[in-house]
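Hi,

Here is the structure I promised to pass on. My notes on it follow below; have a look at the model first, then read on.

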Amino acid sequence: MIRTRSSHSAESRLRRLGPLVLPGVWGAVAVTWKLACPLAQQPGLPMRIATSAVFFSVGTGLVLGIRRGLARELEGMRAIAHAAQRVVLRPLPPRLDGLALAAAQLSASRGAEVGGDLYEAAATPYGVRLLIGDARGHGLAALGAVAAVLGSFREAAHDEPELGGVLRRLDRALARHLRDRALDEHPAGGSAEPAHPAAEEFVTLLLLEIRPDGSVHALNCGHPGPYRLGCRAETLPAGDPLPPLGAFPLPAELTPYACVLLRPGEVLLLHTDGAEDARDSAGRFFPLDAVLADAVREAPISPAALVERVHTALLRHTGGRLADDVALLVVRNDRVRVPAQPAEPGLRRTRPAPYPG
């Protein structure tokens, strides 16, 4: 049996009105009793007290019924929002191609699990590709840009052999989203310099590729660089920063930067700027480097435990009041050895170029 939209909406309206039926009937009986019953017309304090008690009970029932109905509807909306948020920013698998992963986000918007930050990981024929980014703004207002970039990455990461090709796909997807949003907000158009929020949106992001030999290559669009945790915690250069997506056109050539050789057991931590910019009540910045240095001294490092450790320290530092979303993505190289690269027949094997750090 196929249910039409009108029948479904009528059923939902009846379900919302259900808690009000009994108080409504009770109120109708009370009004009828007051207007039509001769006993209720008699003067005197006892009768006024009885009438007041009846109407007070009716009012209390109506308020409780409305409150119960609103609570049920709010709970349903929360469940729908939770499911939608998990589709946009879905949980990462614990392992990808010999790498251990963990990621999570803290949203600055109360009650939201997804905001302006984004992350994703994909095992591709070209290596494990990682994405972390930060859309302008925070909370649900930035969710459209997040969905556009993540949706494009999930396809482009597998289709594009070059990391630069992936970044160009992300840039085009964001441009389409901003263009469509601008048309929705101002369908008349006619302005060369549109003065609406979509014209000022952009996304900073860090795109990494961890190849089978452990080499890490990056394209950085105005995003904080990653940390490497090995013998110590250190920040890694991610090349000359490109402009954030949506702010300016990408350059004609996109050459990934060779960041580091990630050895077995070493950890990369990717983060959004909300982690380093968070402040306490006295205005002091969150000491992310000190927290990571403490984590290194307690090796071996579990990616999930490291995410939990940083989030706990961050909430303690800010008193639970975040001014911006914070996303973390942690990767540990669990490969037993770095695979050797086969030499072509007739050619001597040469040593790879050294990586910074």
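**Salt bridges**

R297 and D294 meet through their side chains in a salt bridge, at 2.1 Å from N to O (a salt bridge here is a side-chain nitrogen of Lys or Arg within 4 Å of a carboxyl oxygen of Asp or Glu). R297 is exposed, with a relative accessible area of 62%, while D294 is partly exposed at 33%. For those words, buried is under 20% relative accessible area, exposed is over 50%, and partly exposed is in between, using a 1.4 Å probe and protein chains only.

Before going further, some ground rules: this is a predicted model, where local features need pLDDT of at least 70, side-chain atom pairs count only at pLDDT 80 or more, and totals for chains, interfaces and linings use all residues. Residues are numbered from 1 along each chain as its sequence is written, and side-chain values use heavy atoms, with hydrogens and water left out.

The structure holds 16 salt bridges. One of them pairs D97 with R335, with the closest N and O atoms 3.4 Å apart. That pair links distant parts of the chain, 238 residues apart: D97 is in the loop between β1 (95–96) and β2 (99–106), and R335 is in the segment after β11 (326–333). (Helices, H or I with at least four residues, and strands, E with at least two, are DSSP runs numbered from the N terminus.) D97 is partly exposed at 46%, whereas R335 counts as buried at 12%.

R284 and D280 make another salt bridge, with 2.9 Å between the closest N and O atoms. Here R284 is exposed at 54% and D280 is buried at 13%. There is also a salt-bridge network that links R228, R232, E234, R263 and E266.

**The sheet**

Five strands make an open sheet with antiparallel pairing, in the order β3-β4-β5-β6-β9 (two strands pair if DSSP finds at least two bridges between them). β3 and β9 (257–261) are at the edges with a single partner strand each, so one side of each has no neighbour in the sheet. From one strand to the next, the twist averages 20 degrees.

β3 (residues 117–124) is mostly covered even so, with seven of its eight residues buried. Eight bridges join β3 to the antiparallel β4 (residues 127–135), and the two form a hairpin with two residues between them. T124 has G127 in β4 as its bridge partner. Further along, six bridges join β5 (residues 203–210) to β6 (residues 215–221), and E209 has H217 in β6 as its bridge partner.

Which residues of α7 are buried? They are L288, V291, L292, A295 and V296. These cover an arc of only 145 degrees around the axis, which puts them on the same side of α7 (the arc is that of the directions from the helix axis to the C-beta atoms). They pack against β7 (227–229), β8 (233–235), β10 (267–271), α6 and α8 (303–318).

P287 is in the loop between α6 (273–277) and α7 (288–296), and is partly exposed at 36%. The C-alpha atoms of P287 and D277 are 9.4 Å apart, with the two residues 10 apart along the chain.

**Whole chain**

The protein chain has eight helices and 11 strands. Of its 357 residues, 40% count as buried.

Cheers

How values were computed: Contact = heavy atoms within 4.5 Å. Axes fitted to C-alpha atoms, helices over the stretch in contact; angles between N-to-C directions.
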